[in-house]
Amino acid sequence: MLQTLQVDTTWLLHVACGWLASVVRDGGRYAVFSIATWAILWVFLKDRLKDRKIRKATPPARQLVIEFLVSMRSVAVFATATIAMILASKVGLYPLAGLAHAWGPVWFWLSLVLMILGHDAYYYWTHRAMHARALAGVHRRHHRSANPSPFTAYSFSVGEALLMVSFVLIWPLAVPTPWGVIPLFIIHQIARNTLAHCGYELMPARRDGRPWLDWMTTTTHHDLHHVQAGYNFGLYFTWWDRWMKTEHPDYHAAFARAAARRTKLAKAPAGALPAS
């Protein structure tokens, strides 16, 4: 009895240490990228990029602190899911991972691309669902940041954090995915999510005022969602919003005002959009 208790205690301690290591690793990634984005854009390049700032107003320091603390809570939720995934893999619940490793390096990179594409679709539809009346409370914490900052990216309620991390748990069950792909996917997700909320339009503009890579979401694209929540649900790509007719009708005009002010498109009337 005593020996069994000792074994259980050791196992629990091992799990707890693994959870703490996951919090430190994932929280460190997020903290480094979000703080670096804030420091580079909001401090060091503030004057140089002033014409690319999407809104005149800057979120108060209190908002930034709250967002960062709430983001760390989300990281704790993600770490819990990571431990659950590790334990599940040890009992054989992720058999496709071994198959994925056997498929070699070409599949490694292809599976990363597929995971990003899959997550974009998952995010679009779960994001739309969270804007339905029945699930509105799940997403309310994120939209308290009416004027986003780099720290808004992970500012989720516990329910939304669980919904967001569920993709990482589910995807390898359906698609053979090497374990090494998941950290790369997470780094990509952090980078794109943080830049989507950074408050500065960094995408270069074409001569007609449209984004160079118009199939990718821009900071302006997501910022409009924080202004009028019924539009622009996509995370990485603009495809789903265009296919489902949910892209803001003034998106390209708003982008031009932020990134291509000298074009004819930049002179379009602002309408209900925030002044840049």
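What follows is a walk through a predicted model, from its overall make-up down to single residues.

Begin with the whole chain. It has 10 helices and zero strands. Read along the sequence, the pattern is α-α-α-α-α-α-α-α-α-α. Of the 276 residues in the chain, 47% are buried. The chain exposes about 14300 Å². Carbon and sulfur atoms supply 69% of that area. Now take the contacts with a separation of 6 or more. Residues 24 or more positions apart account for 75% of them.

Confidence comes next. The chain averages a pLDDT of 88, and 89% of the residues score at least 70. Confidence is highest in α9, at 98. It is lowest in helix α1, residues 2–44, at a mean of 78. One is residues 1–6, for which the model has zero contacts beyond four places in sequence. The other is residues 262–276, for which the model has 35 contacts beyond four places in sequence. Both stretches have pLDDT under 50, then, but residues 1–6 have zero such contacts, whereas residues 262–276 have 35.

Turn to a pair of helices, α5 and α8. Their axes come within 11 Å and cross at roughly 115°. The crossing of α5 past α8 is left-handed. Which residues make the contact? On the α5 side they are His139, His142 and His143. On the α8 side they are His222, His225 and His226. By class, the contact has six polar residues, no nonpolar ones and no charged ones.

Is Ser145 buried or exposed? Its relative accessible area is 0%, so it counts as buried. Setting aside neighbours within four places in sequence, Ser145 is in contact with Gln63, Glu67, Thr152 and His226.

What does Ser71 touch, leaving aside its neighbours within four places in sequence? Its partners are Tyr30, Phe151, Tyr154 and Ser155.

Go back to α8 for Thr219. This threonine lies in that helix. It is buried because its relative accessible area, 7%, falls under the 20% cut-off. Not counting residues up to four places away in sequence, Thr219 touches Ile54, Leu195, Ala196, Cys198, Gly199, Tyr200 and Glu201. Gly199 and Thr219 are 20 residues apart along the chain, and their C-alpha atoms are separated by 6.7 Å.

Asn232 is in the loop between α8 and α9. It is not a glycine, yet it has a positive phi of about 55°. Lys245 is in the loop between α9 and α10. It is not a glycine either, and its phi is positive at about 60°. How are the two covered? Asn232 has 0% relative accessibility, so it counts as buried. Lys245 has 70% relative accessibility, so it counts as exposed.

Finish at helix α10, residues 251–259. How many of its residues are buried? Nine of its nine are, and the helix is mostly covered. Those residues are Tyr251, His252, Ala253, Ala254, Phe255, Ala256, Arg257, Ala258 and Ala259. They pack against α8 (219–227) and α9 (239–243).

Technical notes:
Residues numbered from 1 in each chain as written. Predicted model: local features only at pLDDT ≥ 70, side-chain atom pairs only at ≥ 80, totals over all residues. Heavy atoms only, no water. Buried < 20%, exposed > 50% of the residue type's maximum accessible area, 1.4 Å probe, protein only. Helix = DSSP H or I, 4+ residues; strand = E, 2+ residues; numbered from the N terminus. Contact = heavy atoms within 4.5 Å. pLDDT = per-residue confidence, 0-100. Areas by Shrake-Rupley, 256 points an atom, 1.4 Å probe, with all protein chains shown as cover. Axes fitted to C-alpha atoms, helices over the stretch in contact; angles between N-to-C directions. Left-handed = near helix turned anticlockwise from the far one by under 90°. Nonpolar A, V, L, I, M, F, W, Y, C, P; charged D, E, K, R; others polar.
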